[in-house]
Structures are given as C-alpha cells and as structure tokens.
There are 2 protein chains.
Amino acid sequence: MFTIIAERINMTRKSIREKVWKRDADFIASEADRQTKAGATHIDVNAGGDPAKEVDDMRWLTEVVSKATQLPLVFDSTNPKAIEEGVKICNRDGTIINSITGEKARIEGILPLVKKYKTGVIALTMDDNGMPEDLQGRVEIARKLVKIVESEGIPLNKVYFDYLVRPASTNPGQAKFILEAIAVTRKEFPQAHIALGLSNISFGLPIRNNLNKAFLAMLIGAGCDGAIIDPSEPGMMSTLLSAQAVLGLDEYCMNYISAYREGKLK
Amino acid sequence: MFTIIAERINMTRKSIREKVWKRDADFIASEADRQTKAGATHIDVNAGGDPAKEVDDMRWLTEVVSKATQLPLVFDSTNPKAIEEGVKICNRDGTIINSITGEKARIEGILPLVKKYKTGVIALTMDDNGMPEDLQGRVEIARKLVKIVESEGIPLNKVYFDYLVRPASTNPGQAKFILEAIAVTRKEFPQAHIALGLSNISFGLPIRNNLNKAFLAMLIGAGCDGAIIDPSEPGMMSTLLSAQAVLGLDEYCMNYISAYREGKLK
C-alpha cells in the first residue's frame, strides 16, 4: 500500500494558522474530510504557528481532526511535548511521528515517544552538520538512523525516510539524488518505507502541479512507497493510480479501473 | 536533447491508410505539421498498409511529409526496399531507420542501409527466438546488437534502443523491466540512445493518456532520452518538459518557463 500523508493542516501556512487561532473547528474538520475523501491514508497535523501556543494548538487540532476522520494522524513538530499531547489523544493503528533527524537533540527528545507509543516515525536525512546535498550524505545519515532505531528495538517497517527534496529551480540535479536514495533504501532496507514531502520540488516555478505530478510518477517508478502531498491537488491521485497501474503494483489494474468507473479519474 | 519521434503517420492505422491510398496530400501534410508544431524532433513514416504497395506508398509519403516539415524523418518498415525508397528522397541530418532487431534477416537486409546512408537506427530487443519478457533477455539482445553494429563501424550514438513495451493490463510488471533496461543501457552504453514506443503500456485501459503521461515521467526519471509518442496528445509535452525541469536536465528550468510564457503548458 502507498502511504499518502495529507499535508494541508499545517500551521506554518498562514490561512490554516489564522483558522486555528480563531478555533474554527468547521474549517479544520472540512480540510480533514476533504483530504480523507481524496484518498489520504494519513492526515498530517502541524501546530507550528507560535512555539508558546504549540502544545495547546496541537491538543485542539488533534481533537478536531480525529473527530473529522477515521484515518491515523501524523504528529508533525520539533517539540516533543506537542507531539506527546497529540498522540495521547489519538494513537490509532498507523500513527506516525514527524520527525526525527540525525540531530542528537531530536533523537533524544522524540525517539522515546516513538518507542513508548509504538508509532511509526518519519526520518529526515539531516544531522548536526546540516542537510547534505549529495546522495552519499543522505545515505550515510539514513544508515546511521537505521542503526539507532534498531538499537532501540524499533522495527524498520515503522520508519519512513524523507530525503529532503530541494527546489528544482534553485538546486538542479537534486531530484536525481532523491531517486537514487530511494533505490538504495529499497535495496539496503527493504522493510523501511519512504514518505517524501515532494511539493518542494516545484517551489518558485509556474504551474507547480505539472512538476509535482511528473515527480510523483518518477518517484513511484524508482520504488517510492509513500509521499507527503495534497491528495486533493488536481491530478495527483490520477497520477498515483496511473503509476501503480503502469508498474503492475495494482493487480490487474483494478484500482485504476475502479477509480475510472467511480468517475475519479479525469 | 530528448528525441521525440512523432508516431501518427502510420499506415497500420486505418484512418491514415485510407488517406494515403486516396493520395490526400493535404491531410498527411497537416498531420506532419501538427506534430512538428507540437514539439516533435522527428516524424515517423510507416507505409505498412499493403506489402504490394509499400514501396510506392513510402515514396509518396516521403515526398509529401518532407515538404510539410523540415524535421528529419524516421523510415519505419520491415522492407529494405521501402526504406531505401524513402531515404533516397529525404536523408536529412538526424534521419533514422526503424528498425533492426536481433533477427538475422533484418540485420542483413537493413543494416547495410544504415551504413550506406549514415542514418541512425532503432534497435528492437527481439530476435529469431522471439520477444523476451524479462530484463535479462532484453539486455542480452541489446549487447549482441551493440557488437554487430560496432563491428560494422557504426558509432553507438546512432543507435536508439526500443525495449518493446507490453500492455500493463496483460503483462503486469513489464514496465519495471523497461526501467531497469534503460538503467543498464545508460551504464553499459552511455553513448547509445533510447527511443521507446511507449503508448502500448496503456493498451486496453480507460483514459490511456493518464497512463502514457505517468509512464513517460518515470521513463525520463530512469534516464530515457527518447520516445516514440504523439506529441499532440494532451499533456505529453507538458509532462516531458516537467520531468526534464524536475531532473535538472533543463538548465535553470528555462525550457519549462519559456513553454509556460508561450502558453504551451496547461
């Protein structure tokens, strides 16, 4: 199954932040519902508007979103207290914590929660030395994180790597490293998953949707089994279903054909 | 540069066959013009309607198409006489013969023309034992063809491999072998090119365009540098430009941005 983490409920976006601070539960619930209906498997919840309010905002968001959808949530924060506040309220099967990195403080603060609540965890390939631009740097951090996670007794199928996509406009050639990192992951750690925040690829370019769709298809071609996207963005789910049908990941293309019959494909 | 061989002028299609036999030059010229304007780098010309008429039909088609476009043509036939009839009329820089295979008769009949007229050549991975379904069989034929072509003094940058795409609906998992064959080609024969007839992937499925676009993006992600497509099919050129921009093959994304400014992207 492809992991589709819906990205819209994120307080670093101004429109969401304002609605959360007004405690507009209907708006947030409708965002959760829309992404669920569009085909999400998880709903990301990011309460990172104001560090001083983050724990309270995460509690409120978790209560609202968990009522609006039956999907597992992804608790997205650098603050262990905010994450624990959310996961205490809603720890459904499939829950993910977003994220650890190779940074000492992140590992020490967040990995105990992954262990305690038996959640999945997104692992970003950055560490105390920064965000590597090349393939080798990404893969080295991934290997280091695998060792740490395994030493804590967390099974690798709970880990979702995010290789930190850079914009194609400013960092040409980065996408190739991402595709290669996925191939390395599939080979070295076949139990581990991928959950890439992919829309950064199109930052600064016109009609971002074109680039997001093309990148999604090639990621799936390279063996990627998950992404952080907006499933309600036009054509994203069509592209995902098409890519899976093309590759034979969708047995007898039945998901593709069903989506067509239900009028879900353009 | 990505090789875009426009596939529409093909007499195995009934609508084209009828127009050619009526000697409807305006219709054929408009097909050539439409594909040229859509972004083709080459126009395929297939006169395979009736073997008894193929040489005459190829002569007429070549005369009409070569007046309608300044692009090089791709002479597409199993009949060496028909190919030579075309290439004698129009042998522009970039001309390609479509195709040789590993079959003895095809090599003996067609490779001398490639040598004599210094054209490019499409190499299909099939031989006297049939069309291999697996990666290994495709790669073995490719290696065998490389040896034959090089022994004739033909440079490898004149060769365009077509790994013979099967429909996803009936041959699930074939696309993966194609992606892997491309990676092998890039590694073992970096000078050689790819020119895949990709639309077969969606045979028998609804909204074939969705599958063609997703497959094109993942092919480019895997290192494919050419395809036989209909460039006027909606979204194909947008997908191609997007995939190249994503991968940094389009410096500073200038082709993508130019296409946007010219209103060529949806």
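**Note on a predicted two-chain model**

1. In chain A, helix α4 (residues 80-89) has as its buried residues Ala82(A), Ile83(A), Glu85(A), Gly86(A) and Val87(A). Buried here means under 20% relative accessible area, exposed means over 50%, and partly exposed lies in between (1.4 Å probe, protein chains only). Helices (H or I, at least four residues) and strands (E, at least two) are DSSP runs, numbered from the N terminus. The buried residues of α4(A) pack against α3 (54-68), β3 (73-76), β4 (96-100) and α5 (104-117) of chain A. At the start of α4(A), the backbone nitrogen of Lys81(A) has a side-chain oxygen of Asn79(A) within 2.8 Å.

2. On conventions: the model is predicted, local features need pLDDT of at least 70, side-chain atom pairs count only at pLDDT 80 or more, and totals for chains, interfaces and linings use all residues. Residues are numbered from 1 along each chain as its sequence is written, chains are lettered from A and ligands numbered from 1 in the order in which they are written, and side-chain values use heavy atoms, with hydrogens and water left out.

3. The largest nonpolar core contains 170 residues, and Phe215(A) and Phe215(B) have the most contacts inside it. Such a core is a set of buried Ala, Val, Leu, Ile, Met, Phe, Trp, Tyr and Cys residues joined through side-chain atoms within 4.5 Å. Apart from neighbours within four places in sequence, Phe215(A) is in contact (heavy atoms within 4.5 Å) with Val165(A), Ala175(A), Ile178(A), Leu198(A), Ile201(A) and, from the other chain, Val246(B).

4. The interface joins 32 residues of chain A to 32 residues of chain B by contact. Between them the chains bury about 2,800 Å², 74% of it on carbon and sulfur atoms; buried area is the accessible area (1.4 Å probe) that two parts lose on being put together, summed over both. Met218(A), Val246(A) and Tyr256(A) supply 21% of the area that chain A buries against chain B, more than any other three residues.

5. Which elements give two or more residues to the side of chain A that touches chain B? They are α7 (174-188), α8 (208-221), α9 (236-247) and α10 (254-261) of chain A. That side has 22 nonpolar, eight polar and two charged residues. In this count Ala, Val, Leu, Ile, Met, Phe, Trp, Tyr, Cys and Pro are nonpolar, Asp, Glu, Lys and Arg are charged, and the others, Gly among them, are polar.

6. A salt bridge is a side-chain nitrogen of Lys or Arg within 4 Å of a carboxyl oxygen of Asp or Glu. A polar contact is a pair of N or O atoms within 3.5 Å; within protein, one must be able to donate a hydrogen and the other to accept it, and residues adjacent in sequence count only if both atoms are side-chain atoms.

7. Over all chains, the whole structure has 35 salt bridges. Lys104(A) and Glu108(A) form one of them (3.0 Å, N to O); both lie in helix α5 of chain A, four residues apart, about one turn of the helix. Lys104(A) is exposed at 54% relative accessible area, and Glu108(A) is exposed at 52%.

8. Glu188(A) and Arg143(A) meet in a salt bridge (2.6 Å, N to O). Because Glu188(A) is in helix α7 and Arg143(A) in helix α6 (residues 135-151) of chain A, the pair ties together parts that are 45 residues apart in sequence. Arg8(A), Glu31(A), Arg34(A) and Asp230(A) are linked in a network of salt bridges.

9. Some backbone geometry deserves a look. A cis peptide bond joins Asn98(A) and Ser99(A), with omega about 25 degrees; Ser99(A) is in strand β4 of chain A. Two residues other than glycine have positive phi: Leu164(A), near 60 degrees, and Cys253(A), near 55 degrees. Leu164(A) is in the loop between β6 (159-162) and α7 of chain A and is buried at 14% relative accessible area. Cys253(A) lies in the loop between α9 and α10 of chain A and is buried at 1%.

10. In chain B, Asp225(B) lies in the loop between α8 (208-221) and β9 (226-229) and is buried at 16% relative accessibility. The side chain of Asp225(B) makes a polar contact with the side chain of His193(B) (2.7 Å).
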